[in-house]
Amino acid sequence: MSLRWLLSRTLAILLPLTVTATVYLYIYPIFNGCAFPLPRAHASNSDKKTSISRFQQNAIFNTFLQHLGISSSTPDPTTEPAIFRLLVLADPQLEGDTSLPFPEYELYPRIQFHWRAIQDSIGNASASTTPKTPLAKAVLHENVISNITASLRELAKEDIPRAINSALKRLDLFGNDFYLAHIYRTLFWWTRPTHTTVLGDLVGSQWISSEEFARRGYRYWNRVFRGGERVDDALTRTGAVGASKHDKAKPPVELLGVNGDPAWARRIINIAGNHDIGYAGDIDEKRMERFERVFGRANWDVRFEHPPVDLSGSSSSSSSSSSSSSSSSSSSSSASESVVTPTLHLINLNSLMFDTPALSSVVQDQTYTYLNELIAHRLAPVEDRSTFTLLLTHLPLHKQDGICTDGPYFSFHNADDDDGPDGIPRWRESGLKEQNHISDTLSAGGILQGIFGMSGDERAPIGGHGRNGLILTGHDHPGCDAVHYVNRTSKENQERTEEDQSAQSWKWAAKRFEEDSQMNDPSIREVTLRSMMGEFDGNAGLLSAWYDQAVGQWNYEITMCPAGVQHIWWAIHVLGLVTLGVALVWFMLGLVASGDAGATTAARVRYDKKDEKLRLRESSRVQLEGSKTGGQKK
């Protein structure tokens, strides 16, 4: 049994396994059934649909048709991709040098350290006697031998294991970047989002130096989200300090659909997380500046306009500028009062500066100012059902314990920092150190009531139901799906009202979201996205939002797409390398074997030629002798 035969049998097993695993890895969204949900129409017209259109309503098959450039032959919105498709990622937490040993504890510096210690002990042993002990004898001195033994022991037990762990960690960091990049690249290619967001914790620690922050920022843009772009400051001007009154009153307006800016597909909407800038008790101006310089502003909002829609039954043209201008010019006439321009209002909010005590009153005042101006000037009226409000923020809203993995939690610094750079404290005593949720007061007043206009007062506009929308958050790595609502029926509320007629007869509450559950009370859904880290299956969210002409308001659907733990990514790539190595060895052995066979054949040919020459020579000699014998007889 030859080695090449054994390798060929091994390759026969490895090759199909490797090809199958690699194909799965690089098109895993297809195998996992991942695609942006298609719009769902409220109007019941299922009886009119053909079998082809029913097939096109399958999200996976529809995405495949998009890649082929095949569109629906009928103007059915349920067979067309949603006009707003947001790829949602959370908490990549890029690690770096803080997870590695200090430079002086690397293997080579440690070897140098031990060698210097041995040299010093030899020198001391040589100089401790008169006359000086020769070098050969000094090496055998008791203290020198003890020092050598201690150094070897420390190398074996501490330095070499630390070096191995350090090398493995460096490899892990390198591979983790490409694992995260694989998630983004594969989903971006297959699902074809119109927009992308990362819900905070872009890097792994707020305490890293500015140099290390810059290195991780480089890896973020050039390795993990390669091809992605920072949202330009001109588009986020509502969050600029000292923004003009015009910017405060009206956010930038971007278009959706065929007339929209295709650059939005590559722009990454980055949300500030606690590992990026810290919690309120340790956020300062320098941390905010470096985050916004590398990743974009932490507070801003923008409006995305849907092509004009005729609610009387026919959608106005959205594919040409001439028809759009025609709709705009006729909107002032009574004949076109049914034409609306739906809007999706996207808000990026730094909720980490909501609660107190904060280290920097300047940064917190800027956040409060932004929130107040947003509520006062830029939100659509709660009665406007043609607007959809999408809030992106890092910290989840307050919820009672037991609804999500993380319950309400706050902790505070016990004393001032006495080890800050240049003697400047990084936090102050009693400053906010850590939190799981936004406080209940600011969750209700700042977001549920402030941004979404919800209320338990039935006399409020549209019964207190507030603005139509959705909240997307990060921070809680296992993820959560909850509903915040007005509870008007609790026993506690009834008892309070009976005791005090002026008391509020309702309270804010939250519960797990249930797909089929219908709520009549004011409510808003909050999806806390599961982390994209390998430990949490490399998760991603796919959010589709569309304007439902049948009911005259926006609708949405969100689904999750896990890539699997990072060990799968590692295993498949290691398997590929092993298969490649086996194939190369098999090929090289084949070349060697063919070379040996060729040499043997050439030698045999040379031998045959030489043998043939000998036979010819012998034959000639025999003929010559025969001719001589015949002549003598004559």
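Ala, Val, Leu, Ile, Met, Phe, Trp, Tyr, Cys and Pro are counted here as nonpolar, Asp, Glu, Lys and Arg as charged, and the others, Gly among them, as polar. The structure is a predicted model, in which local features need pLDDT of at least 70 and side-chain atom pairs count only at pLDDT 80 or more, whereas totals for chains, interfaces and linings use all residues. Residues are numbered from 1 along each chain as its sequence is written, and side-chain values use heavy atoms, with hydrogens and water left out.

**Sheet and packing**

Helices (H or I, at least four residues) and strands (E, at least two) are DSSP runs numbered from the N terminus; two strands pair if DSSP finds at least two bridges between them. An open sheet of 8 strands has mixed pairing and the order 4-6-9-10-13-16-14-15. Its edge strands, each pairing on one side only, are strand 4 (253–255) and strand 15 (507–512). From one strand to the next, the twist averages 25 degrees; axes are lines fitted to C-alpha atoms, for helices over the stretch in contact, and angles run from 0 to 180 degrees between N-to-C directions. Strand 14 (residues 480–487) pairs with strand 16 (residues 523–528) in the antiparallel sense over 6 bridges, and Val483 has Arg525 of strand 16 as its bridge partner.

Helix 13 (residues 361–378) lies across strand 6 (300–305) and strand 9 (343–349), and runs at about 165 degrees to strand 9. Contact means heavy atoms within 4.5 Å.

**Cavities and a pocket**

On a 1 Å grid over the protein atoms alone, a cavity is a set of points where a 1.4 Å probe fits but cannot get out, and a pocket is an open set with protein on both sides within 12 Å along at least five of seven lines; lining residues have an atom within 4 Å of a point. Grid points are joined across faces, edges and corners, and a volume is the space filled by probe spheres set on the points. By this rule there are 2 cavities of 30 Å³ or more.

| Space | Volume | Lining by class |
|---|---|---|
| Largest cavity | about 60 Å³ | 5 nonpolar, 4 polar, 1 charged |
| Second largest cavity | about 40 Å³ | 5 nonpolar, 4 polar, 1 charged |
| Second largest pocket | about 930 Å³ | 7 nonpolar, 11 polar, 11 charged |

The residues lining the largest cavity include Phe36, Asn62, Arg85 and Thr191, and helix 4 (residues 59–68) gives the most to this lining, with 3 residues. Among those lining the second largest cavity are Val231, Ile268, Arg297 and Trp300; strand 5 (residues 267–270) supplies the largest share, 3 residues.

The second largest pocket is lined by 29 residues, of which Phe513, Gln518, Ser523, Asn555 and Tyr556 are the closest to its centre. Strand 15, strand 16 and strand 18 (553–560) each supply at least two residues of that lining, with the largest share, 5 residues, coming from strand 18.

**Backbone geometry**

Most residues other than glycine have a negative phi, and most peptide bonds are trans. Thr356 and Pro357 are joined by a cis peptide bond, with omega about -5 degrees; Pro357 is placed in the loop between strand 9 and helix 13. Asp201, which is not a glycine, has a positive phi of about 55 degrees and is found in the loop between strand 2 (195–198) and helix 8 (210–224).

**Annotated segment**

An unreviewed UniProt entry lists residues 568–589 as "transmembrane region". UniProt positions are given in the numbering used here, feature names are shortened, and annotations may be inferred rather than shown by experiment. In the model, residues 568–589 are 100% helix and 0% strand, and the end C-alpha atoms are 31 Å apart.
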